[in-house]
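I opened the model to look up its sheets and the ligand site. My entries follow in the order I made them.

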Amino acid sequence: MIKHTPPMGWNSWNTFGEDIHEQLILETADCMVGSGLKDLGYEYLVIDDCWSLKERDRDGRLVADPKKFPRGMKALAEDVHAKGLKFGMYSCAGNLTCAGYPGSYEHEFADAATFAEWGVDFLKYDYCYHSNIIHGMYLYRRMGLALKNCGREILFSACSWGIDGTPEWIRETGANMWRSTGDIFDTWESVKSLTEQQQKMLPYGGVGCFNDMDMLVVGMYGKGNVGLTGLNDTQYKTHFSIWALFGSPLMIGCDVRNMTEATKTILSNRELIAINQDEDCSQVISLCPPQQPPEIKCYARMLSNGDLALGIFNFGESKQLARVNLDEVALPESTGKTLYLHDVWSGEETAVKNGTFLHDIDGYDCLVYRARVIDR
Ligand code: GLA
């Protein structure tokens, strides 16, 4: 059964790009289990672009590159399954994938059957080199239909970057998640820009089809395929907090075989994962109290037990005073209620007094709370 909360796992693209092979996948699988990430919910191991040969075989079937995957994908999927993980792969709605390998256009049903035969549990479906004549809606619907008819339950991860009206038609394609942003890079500017891009997409997410803000760059420190300047640990903590609070799928993009302690701590924050995985998958709302410095962004989300998740993010480099007015989270004085805040990073607890929460927040840092509604 595909879970009805945002998918979690690991994807090869951010760090490894085309440099993927069987040994990497097996070592990564071992680390996902050994580091405890699997037990925290990171269950899908996804091989992104560049896994196949440049040509299909004589019968028109996709072929795994024998230099990278000498035993083929079926054997690899079996090994990944044996470790208790799920196996994900990648294709594209166009003639070619973004890196120039064969795409699934006009091969949708055959490729879905191949993926099912190999034991694939997750398909990321990209949008490069797509037809200019057939609208993306039909291309994704085709693959959605092919997957529904392939005889195996395969999570459909659409990747059309939110363009061509994607949010308006993506749910009807059967997609379980959809890329609501452009590609991520390992820079603070990228994290900031994807957060901004996500703003207008917030109303479209929800149970069963999640807005995907792209794979995490936590722990890359500038190394690898999309690694540029890299982020510091405070910025990675803030990046992870935003993705988790916003209900994005949490797909790790770093080399989990060589994680720093800080990386592991960030990716393993149970309370944030619980917020991300909250069964209601409620919409995030943006809070804009007057007098807030422009670098500070605040968001809130209602959780299934009646708590609120509250995130305050400092996108600037200097310390700022952040504020949250309880009026904005529907708790004006007339309700007789206030919030009791539990900081999911420090564990500190405090009650909001007089309807306003004020707190200093360091540059690039964040405050994330699980907040309980209590009497004033
Ligand atoms: C696109 C996608 C990325 C990645 C690459 C692979 O850019 O958005 O996430 O899959 O293609 O080529």
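Which strands does helix 8 lie across? I found that helix 8 (residues 233-245) lies across strand 10 (296-302), strand 11 (308-314) and strand 16, and runs at about 145 degrees to strand 11. Contact here means heavy atoms within 4.5 Å. Axes are lines fitted to C-alpha atoms, for helices over the stretch in contact, and angles run from 0 to 180 degrees between N-to-C directions. Helices (H or I, at least four residues) and strands (E, at least two) are DSSP runs, numbered from the N terminus.

Note on the source: this is a predicted model, in which local features need pLDDT of at least 70 and side-chain atom pairs count only at pLDDT 80 or more, while totals for chains, interfaces and linings use all residues. Residues are numbered from 1 along each chain as its sequence is written, and side-chain values use heavy atoms, with hydrogens and water left out.

I traced six strands in an open sheet, ordered 9-10-11-16-13-14, with antiparallel pairing. Two strands pair if DSSP finds at least two bridges between them. Strand 9 (285-287) and strand 14 (349-351) are at the edges with a single partner strand each, so one side of each has no neighbour in the sheet. From one strand to the next the twist averages 30 degrees. I then checked strand 13 (residues 337-343) against strand 16 (residues 366-375): they pair in the antiparallel sense over seven bridges. Leu341 has Ala371 of strand 16 as its bridge partner.

I traced eight strands in an open sheet, ordered 7-6-5-4-3-2-1-8, with parallel pairing. Strand 7 (210-212) and strand 8 (250-252) are the edge strands, and each pairs on one side only. Here the twist averages 25 degrees from one strand to the next. Strand 1 (residues 8-11) pairs with strand 2 (residues 44-46) in the parallel sense over three bridges. The bridge partner of Gly9 in strand 2 is Tyr44.

Ligand. I listed the residues around the ligand (a heavy atom within 4 Å); among them are Trp13, Tyr90, Cys159 and Arg179. For polar contacts I used pairs of N or O atoms within 3.5 Å. A ligand oxygen atom is 2.7 Å from a side-chain N or O atom of Asp49. For Lys124 the side-chain distance to a ligand oxygen atom is 2.7 Å, and for Asp126 it is 2.8 Å. Taken alone the ligand exposes 310 Å², and the protein buries 93% of that (Shrake-Rupley method, 1.4 Å probe).

Conventions
Polar contact = N/O pair within 3.5 Å; in protein donor to acceptor, adjacent residues only side chain to side chain.
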